[in-house]
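Subject: Structure for your review

Dear colleague,

Please find below the structure I am handing over to you, together with its sequence. My notes on what was found in it follow directly after.

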Amino acid sequence: MRCSLWPLVCPFSVAKAEPGNNPQPAGVDTTKKETPKYEMKQYWFVMLINGKRRNEFKDIAILNKLQAGQMPNIQRLADPGKLRVAGPFGDEWDCLGIFIFDAATTEEVAGYLKTNPAFAAGRLDYEIHPWWTAKGLTFK
């Protein structure tokens, strides 16, 4: 026996457009909206890597002191919006974490990094790369 679903599907699959018959639900705005302008902005992507002196730091008190100095420094750069993203990775590989800066030049970013005690001590090092994304894009 051959079965056809056509009589069951057909009445629900086609909506006839007639004057005064609006297939949109009430409250839906059907006017054409202007597409937002998409602009790119340059930021600076900083890869945090092992410093040349990383393995010299064995004393937990010294490590804690470096970490304690690093956190207020990160906050000092984040408060005015210079440092947009900061954090470590959750797995182990050559890159320990990232910073994303909103700055004018590589030199400006390097200046900010030199104020971090872990970089100054040689425990951490960094690579700075220009990075582009949509202007105004933020994490929420």
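The buried residues of helix H2 are covered by several elements, including S2, S3, H3, helix H4 (117-120) and S4. Please bear in mind that this is a predicted model.

The residues of H2 that are buried are Leu63, Leu66, Gln70, Asn73, Ile74 and Leu77. They cover an arc of only 105 degrees around the axis, and therefore lie on the same side of H2. In general, an α-helix has 3.6 residues a turn, so residues three or four places apart point the same way. On the other side of H2, the residues Ile60, Ala61 and Lys65 are exposed. As for its length, H2 consists of 19 residues and spans 27 Å from its first C-alpha to its last, which is close to the 27 Å expected at 1.5 Å a residue.

The sheet

The four strands form an open sheet in the order S2-S3-S1-S4, and their pairing is antiparallel. Strand S2 (83-88) and strand S4 (124-134) stand at the edges; each has a single partner strand, so one side of each is left without a neighbour in the sheet. On average, neighbouring strands of this sheet are turned by 20 degrees against each other, direction ignored.

Within the sheet, strand S1 (residues 40-50) and strand S3 (residues 95-101) run antiparallel and are joined by six bridges. Met47 has Ile98 in S3 as its bridge partner.

Helix H2 (residues 60-78) packs on the sheet, where it touches S2, S3 and S4. The direction of H2 makes about 155 degrees with that of S2. Helix H3 (residues 106-113) lies across S1, S3 and S4, and runs at about 135 degrees to S4.

Salt bridges

In one of them, the side chains of Asp102 and Lys41 meet at 2.9 Å, N to O. Asp102 lies in the loop between S3 and H3, whereas Lys41 is in strand S1, so the pair ties together parts that are 61 residues apart in sequence. Asp102 is buried, as its relative accessible area is 15%. Lys41, at 24% relative accessibility, counts as partly exposed.

Asp102 also forms a salt bridge with Arg84, in which the closest N and O atoms are 3.1 Å apart. This pair links distant parts of the chain, with Asp102 in the loop between S3 and H3 and Arg84 in strand S2, 18 residues apart. Arg84 counts as partly exposed at 41% relative accessibility. Through salt bridges that share partners, Lys41, Arg84 and Asp102 are joined into one network.

A further salt bridge is formed by Arg53 and Glu56, whose closest N and O atoms are 2.9 Å apart. Arg53 is partly exposed, with a relative accessible area of 38%, while Glu56 counts as exposed at 51% relative accessibility. The cut-off for exposed is over 50%, and the 51% of Glu56 therefore places that residue in the exposed class.

Yours sincerely

Terms used
Residues numbered from 1 in each chain as written. Predicted model: local features only at pLDDT ≥ 70, side-chain atom pairs only at ≥ 80, totals over all residues. Heavy atoms only, no water. Pairing = 2+ DSSP bridges. Helix = DSSP H or I, 4+ residues; strand = E, 2+ residues; numbered from the N terminus. Axes fitted to C-alpha atoms, helices over the stretch in contact; angles between N-to-C directions. Contact = heavy atoms within 4.5 Å. Salt bridge = Lys/Arg side-chain N within 4 Å of Asp/Glu carboxyl O. Buried < 20%, exposed > 50% of the residue type's maximum accessible area, 1.4 Å probe, protein only. Expected span 1.5 Å × (residues − 1). Arc of directions from axis to C-beta.
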